[in-house]
Amino acid sequence: MPALLIFLLWTAVGVFIAVPDMVDGFQWNETIGKFVEAWSWALLTPAILLVDRKLTARYQSVVRVAAAHLVLSIPFSLVHTYLAGLILYPIPSVSWSPIRSTEFAVYFYLGGWGTYCAIIGVLQTFKYYNRYMSSQVELARVEKRFVESHLNALRLQLEPHFLFNTLNAISSELGADPELAREMIEDLAVLLRQSLDCQGSKEITLAQELALLDRYLAIQKLRFGDRIQVQIQVESATLSAMVPSMFLQPLVENAIRHGLEGRLNGGSILVSAEHVDDQLHIKVLDDGVGLPPLWGIETSAGLGISVTRERLRALYAEPGGHAFAVARRKGGGTEVAIRIPLHGNGAEARGIAA
């Protein structure tokens, strides 16, 4: 296949250089002369490729490789001149054979020298392009590994925080209501098991994320009973959308701990999701005490907010790829609004949506 490819390539070159001579009329001896000139280079191409490979392996500098090829252009051009002359010599009508005429030998040599330089130029261009593309692919792999390691670090930072808070809540119920604490431990075990199932995935479907959130809410409902009401309003078409794993739990946890837990009458939380054009809009709303007067998202020390922001930045790094905002609600409470690209995971996602 390489030999056939080289032959076809140089045949195409022969056609390219022979066509201009056919404009004034077809002369078979001139045409065959152009093809023989091209096919002579086809015979020398394997040697040129072998020499170039050895030069590239020996010299790392492009300048040294170019200098070596400049020196080698002389013998290769001479070999091409006499090789074409030997092939054309048996054809008497080809009077410009370099073996028949010294004048044409100089013409053949200069033309061959220019062709050799062009071959090396094209060859180095392709090699540079391949190296460039290989470096870009490797750079993309390194960036992907960096993003994945960064996301894993963020998740490892978040999960102990969540586990500590939940265990602290369970311990507070052990003395007053051991049965309630036992049920909370069972729900926590199920939640951790489901979380481990999703640990290797940067993104999961919204349906899976809501299942994880439901287990967390089961623990909180055992603690607070009817004091906290949670509503989930999600369009069915968004259930197959891919979202960061366990990103709703810290937002709902913040709404409970900082917005509703300190109120005697509790409050309500609304989690909604809808698709707008090619984006997924998610909101977590509560009617709690709201944000402190001087609170700002850039200066917030809360782990849930900061880690969620970092995860969104890492997953959707393209300009305008996501939005994350925390604001006060009119009438009291807090609103967390998230916007991410709407995309699914193929057949599995369509099955969940169905």
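Q: Which residue in S7 stands opposite Arg328?
A: Arg328 has Thr334 of S7 opposite it. Helices (H or I, at least four residues) and strands (E, at least two) are DSSP runs, numbered from the N terminus.

Q: What kind of model is this?
A: This is a predicted model, in which local features need pLDDT of at least 70, side-chain atom pairs count only at pLDDT 80 or more, and totals for chains, interfaces and linings use all residues. Residues are numbered from 1 along each chain as its sequence is written, and side-chain values use heavy atoms, with hydrogens and water left out.

Q: Back to the strands: how many bridges join S6 to S7?
A: Strand S6 (residues 323–328) and strand S7 (residues 334–341) are joined by six bridges and run antiparallel. Ala327, for example, has Glu335 in S7 as its bridge partner. Two strands count as paired if DSSP finds at least two bridges between them.

Q: And which residue in the hairpin takes a positive phi?
A: Gly331 does, with a value near 90 degrees; the hairpin of S6 and S7 has five residues between the strands.

Q: In what order do the strands of the open sheet come?
A: The order is S2-S4-S5-S7-S6, five strands with mixed pairing. Strand S2 (228–234) and S6 are the edge strands, each pairing on one side only. On average, neighbouring strands of this sheet are turned by 10 degrees against each other, direction ignored. Axes here are lines fitted to C-alpha atoms, for helices over the stretch in contact, and angles run from 0 to 180 degrees between N-to-C directions.

Q: Which strands does H6 touch?
A: Helix H6 (residues 206–224) packs on the sheet and touches S2 and strand S4 (267–276), with its direction at about 170 degrees to that of S2. Contact means heavy atoms within 4.5 Å.

Q: What about H7, which strands does that one touch?
A: H7 also packs on the sheet, touching S2, S4, strand S5 (279–286), S6 and S7, and its direction makes about 150 degrees with that of S4.

Q: How many residues has H7, and how far does it reach?
A: Helix H7 (residues 248–260) has 13 residues and reaches 17 Å from first to last C-alpha, close to the expected 18 Å. The expected span is 1.5 Å times one less than the number of residues.

Q: Is H7 mostly covered or mostly uncovered?
A: H7 is mostly covered, with ten of its 13 residues buried; among them are Leu248, Pro250, Val252 and Ile256. Buried means under 20% relative accessible area, exposed over 50%, and partly exposed in between (1.4 Å probe, protein chains only).

Q: New topic: how many aromatic pairs are there?
A: A search of the whole structure finds three. Trp10 and Trp41 form a stacked pair, because their ring centres lie 6.4 Å apart and their planes are at 20 degrees. Trp10 lies in helix H1 (residues 2–22) and Trp41 in helix H2 (residues 28–58), so the pair links distant parts of the chain, 31 residues apart. Rings of Phe, Tyr and Trp (its six-membered ring) pair if their centres lie within 6.5 Å; planes under 30 degrees apart count as stacked, over 60 as edge-to-face and the rest as tilted.

Q: Why does Trp41 count as buried?
A: Trp41 counts as buried because its relative accessibility is 2%. Trp10, at 9%, is buried as well.

Q: How far apart are the ring centres of Phe76 and Tyr116?
A: The centres are 5.3 Å apart and the planes at 20 degrees, so Phe76 and Tyr116 are stacked. Phe76 belongs to helix H3 (residues 62–88) and Tyr116 to helix H4 (residues 102–174), 40 residues apart.
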